[in-house]
Amino acid sequence: MANDPATAAAAPAVVRTYEQECEYLEEISPTCIRIKKGFVPNMRVEGKFYVNHALRQLMYDELKHSMSKNGEGGFLPAVKQIANVAAMPGIVGASVGLPDVHSGYGFAIGNMAAFDMSDPEAVVSPGGVGFDINCGVRLLRTNLTEKEVGPLKEQLAQSLFDHIPVGVGSKGVIPIGRDELEQALEMGMDWSLREGYAWAEDKEHCEEYGRMLQADPSKVSPRAKKRGLPQLGTLGAGNHYAEIQVVDEIYDKHAARKMGIDQEKQVCIMIHSGSRGLGHQVATDALVAMEKAMARDGIHVNDRQLACARINSEEGQNYLAAMSAAANYAWVNRTSMTFLTRQAFAKAFGSTPDDLDMNIIYDVSHNIAKVEEHVVDGRVKTLLVHRKGSTRAFPPHHPLIPVDYQFIGQPVLIGGTMGTGSYVLTGTDHGMKNTFGSTCHGAGRARSRNSSRRNLDYEEVLKNLADKGIAIRVASPKLVMEEAPESYKDVDQVVNTCHEAGISNKAFKLRPIAVIKG
């Protein structure tokens, strides 16, 4: 009986072998593994994660490696983090890991979970959103081709690098004072539209129309506002980037045409950024408040990094209001960079952004918690859906996606690693039923930042990009090692797993020709 999961669940203090741990992991399809109750204490629902054979081995190796370290140092393995989330109060369905899942703070990055708003015990957790609130991706199309842009890619890369402030602590060029910041936090893209930085149609192709209505700037601390004030319209560092890309392969011609993509080699621009220091401070402030709330309300979790508060508590509501304001900041931030990108392209081609058809295909978040309606056990329920390193992927005919995309499903933007391909997918009914309308967000780290710095040479990384014909501008060349393709999972494997699992469909693939990074 020693290897019986039910027996082990009754005695969680018992240290299990790797083989015994693996008994709790069951393949339910070629692309999905179930995490049985008992894998960690107090699981209220099961966990599951989506992987193909190659990605599965990374997950199992991470678990084995963590056991050899006896839990010392670093984060828990992602499979344990998914399971710990399944033990949180108010969770419904399952704790879900997407194919790019990897260890993070509290929740794994690439983990989504939904909590029943009607359950008074249900919680909200900043660890389920992440420190970079509304980190997300925006894709602009153009009517230009690689043949037209190729000869100018170095000039364009330099122009974007000059126009868009990048790097740690970078300061924006969009003039904004304290009063304007308050308005931007409340209004999101409506502020950008009023100030002339956005086109009216931009909002239509943005998740939540670029504005979280429950935002309350008064719930954002003075320190967070101070950090955010100089950074509006900046890219930041880490895995954030602006890329000039070309359509490399079209899988779904009908969906691509609906998005304004009618040929291979068509040029697009992808912007990946978030809420900068403001969002980070909002998360930090909330974690402090929620630790006190947990002690007061007797909330118990398996990992102290899963600090949380009941959704309807003062701390929970304050966090959601501040998180929404930070999300609005992020949309204004990406909109400001869109404005600067349009100016750079217009100048380079002696044209106007309108004549270059520089419309937004879509803007989607992959670090956010949102109130949504989903079917659970045959009943429609109002849920608080946490997506951390996970992208919303609603199916065709869903009322919350643009009219243009009603017949194809919501566009899903999957950023690749530096110098590798990115993808545009569409949401599916299968994903709506099995992952609460969620899919992956990128490649997902396979190697820690420290390991990347120790084992990779930044000059070699830059040379490899140049050999591929990619123009690159970086503010911190030595940080390039952390973002090298070798540091990440294979984005093709991640996307193919989502497609094979039916949680999203491939529409087209993009290839970078110029990269701008912090």
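Predicted model: local features only at pLDDT ≥ 70, side-chain atom pairs only at ≥ 80, totals over all residues.
Local features need pLDDT of at least 70, side-chain atom pairs count only at pLDDT 80 or more, and totals for chains, interfaces and linings use all residues. Residues are numbered from 1 along each chain as its sequence is written, and side-chain values use heavy atoms, with hydrogens and water left out.

**Salt bridges**

The structure holds 26 salt bridges (a side-chain nitrogen of Lys or Arg within 4 Å of a carboxyl oxygen of Asp or Glu).

| Pair | Distance |
|---|---|
| Arg-473 and Glu-154 | 2.9 Å |
| Glu-182 and Lys-225 | 2.7 Å |
| Arg-511 and Asp-248 | 3.1 Å |

Arg-473 lies in strand β18 (residues 471-474) and Glu-154 in helix α6 (residues 153-163), so their bridge ties together parts 319 residues apart in sequence. Helices (H or I, at least four residues) and strands (E, at least two) are DSSP runs, numbered from the N terminus. Arg-473 is buried at 18% relative accessible area. Glu-154 is partly exposed at 41%. Buried means under 20% relative accessible area, exposed over 50%, and partly exposed in between (1.4 Å probe, protein chains only).

The side chains of Glu-182 and Lys-225 meet in a salt bridge. This pair links helix α7 to helix α9, 43 residues apart. Glu-182 is partly exposed at 30%, whereas Lys-225 is buried at 14%.

Arg-511 forms a salt bridge with Asp-248. This pair links strand β19 to strand β8 (residues 241-250), 263 residues apart. Arg-511 is partly exposed at 26%, and Asp-248 is partly exposed at 28%.

Arg-16, Glu-21 and Lys-80 are linked in a salt-bridge network.

**Charged patches**

Patches are made of residues with over 30% relative accessible area and no salt bridge, like charges being joined within 9 Å. Areas come from the Shrake-Rupley method with a 1.4 Å probe.

Arg-178, Arg-223, Lys-226 and Arg-227 form a positive patch. Helix α9 gives the most to this patch, with 3 residues. Arg-178 lies in helix α7 (residues 178-187) and is exposed at 59%.

Glu-201, Glu-204, Asp-354, Asp-355 and Asp-404 form a negative patch. Glu-204 sits in the loop between α8 (189-195) and α9 (222-228). Glu-204 is partly exposed at 43%.

**A buried lysine**

Lys-506 lies in strand β19 (residues 504-517). Lys-506 is buried yet has no salt bridge, and the nearest side chain of opposite charge, Glu-249, is 6.8 Å away. The Lys-506 side chain does make a polar contact with the side chain of Asn-496, at 2.8 Å. A polar contact is a pair of N or O atoms within 3.5 Å; within protein, one must be able to donate a hydrogen and the other to accept it.

Terms used:
Patch = residues over 30% accessible without salt bridge, like charges linked within 9 Å, V, L, I, M, F, W, Y side chains within 5 Å. Lys, Arg positive; Asp, Glu negative; His and termini not counted. Charge placed at Lys NZ, Arg CZ, Asp CG, Glu CD.
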